[in-house]
Amino acid sequence: MEYSLVCTNCGHAYDQFYKSQVCARCGSFLEVVYKSEPKAPTAARGSFWDFSGVLPEGKYRKYEVGMTKMFSDAGDDRLMYKLETDNPTHSFKDRGSVIEVAKAKEYGFDEVACASTGNMAYSVAYYSKLYGIRSRIFVSREANKDKIEEIMSTHDAVITRGKWDFTGAQKEALKYASKTGAFITGDYCYRKEGQKTIAYEIISSAKNVSNIIVPVGNATLLSGTLKALSEMEAAGAIKRQPKVIAVQSERCNPFSKAFNYKGMVKYTVPSTSADAIAVGYPTFGDMAARQLRQNGGMAVSVSEASMRRAQKRMKEYYGLTIELASAATIAAYDSLKPRLKGNSVAIISGGNV
Ligand SMILES: Cc1ncc(COP(=O)(O)O)c(C=O)c1O
Ligand SMILES: [Zn+2]
């Protein structure tokens, strides 16, 4: 789809050949705006690339990604799981990385820079290697050491680790990109477009979905999910949007607080064991809060203990290893179940522990 890139702060518009994900005028992040209404197939035919009609036009190599399994809970037929651990690097991040790394290649870059709590690094490094591009990753102090080892040994990424949290790592990555000319990747506009496909897949493979439960770190997945639902509603593919339930840990919940107290997102020092959602200041937080209000959804926080219980249950019942950030959506379902109407889908966002 033809598109332009519009700055979320100053409103300046760039054409689709603009070689960055950040506004040259004010440094803010951009949003992909399509020239015409995105239209996806109503039923997925078996490939992520069937959703090209809702993605930015680009020179993509059709690597295997997405089209992940959905299955019902064994004891509760109103709960389904969307199993993102099925992706090549075992998290939903691959949906976004396959798009943004392709853009870096298309625009002639030979290096990408990225900030990560772990999964993003794994995913960006994986696709960068496939595309023959170097990757330089700035990891946060919360990042899981085993994930980082795996990335360095298998995918040749150069890792810089500092005392900074994820928000600090993002600044470092941006500084590095502007100094060296590397393409900045991570929680930016192209990733969000790729991550929309998760909602398209859910809607095309399950009937009567009333609630979609989404974990929130930087809120890119949340913003992408809500954008996809709005696109589907505008295209007439769904009559009504499922309600979206955004989930954070009680020990790092700047988004839930801002949403529930109707203020702007404020920085919180992350102190959750769910490393993938240990984000003190969600980049897409304020935008996603506006989208979530329009959707009529809600934002909740769950305890560390409830995430651990859900993680254990998935291992015992299904033999599935899922990380705490993923278990957050199940923990949210557990606590909201008596209040929820209709069928719910909990996104199991990743399985790298
Ligand atoms: C497994 C997992 N779940 C959830 C999230 C949160 O996604 P987002 O940062 O888009 O809100 C992440 C982000 O790193 C993740 O890796
Ligand atoms: Zn701007």
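Biologist: Is the crossing in which H6 passes H7 left-handed or right-handed?
Modeller: This is a predicted model, in which local features need pLDDT of at least 70 and side-chain atom pairs count only at pLDDT 80 or more, while totals for chains, interfaces and linings use all residues. Residues are numbered from 1 along each chain as its sequence is written, with chains lettered from A and ligands numbered from 1 in the order in which they are written. Helices are DSSP runs of H or I with at least four residues, and strands are runs of E with at least two. A near helix turned clockwise from the far one by less than a right angle gives a right-handed crossing, anticlockwise a left-handed one, and H6 passes H7 in a crossing that is right-handed.

Biologist: What is the orientation of H6 to H7?
Modeller: The axes, lines fitted to C-alpha atoms over the stretch in contact, belong to H6 (residues 197–205) and H7 (residues 220–234), come within 7 Å and cross at roughly 50°. Angles under 35 degrees count as roughly parallel, over 145 as roughly antiparallel, 65 to 115 as roughly perpendicular and the rest as oblique. H6 is therefore, relative to H7, oblique.

Biologist: Is His90 buried or exposed?
Modeller: His90, in the loop between strand S5 (79–83) and helix H1 (93–106), has a positive phi near 65° although it is a residue other than glycine. A residue is buried with 20 or more other C-beta atoms within 10 Å of its own, exposed with 12 or fewer, and partly exposed in between. Because 22 other C-beta atoms lie within 10 Å, His90 is buried.

Biologist: Where is Met67 found?
Modeller: Met67, which is not a glycine, has a positive phi of about 50°, and counts as partly exposed because 18 C-beta neighbours lie inside 10 Å. Met67 is found in the loop between strand S3 (30–34) and strand S4 (70–72).

Notes:
Axes fitted to C-alpha atoms, helices over the stretch in contact; angles between N-to-C directions.
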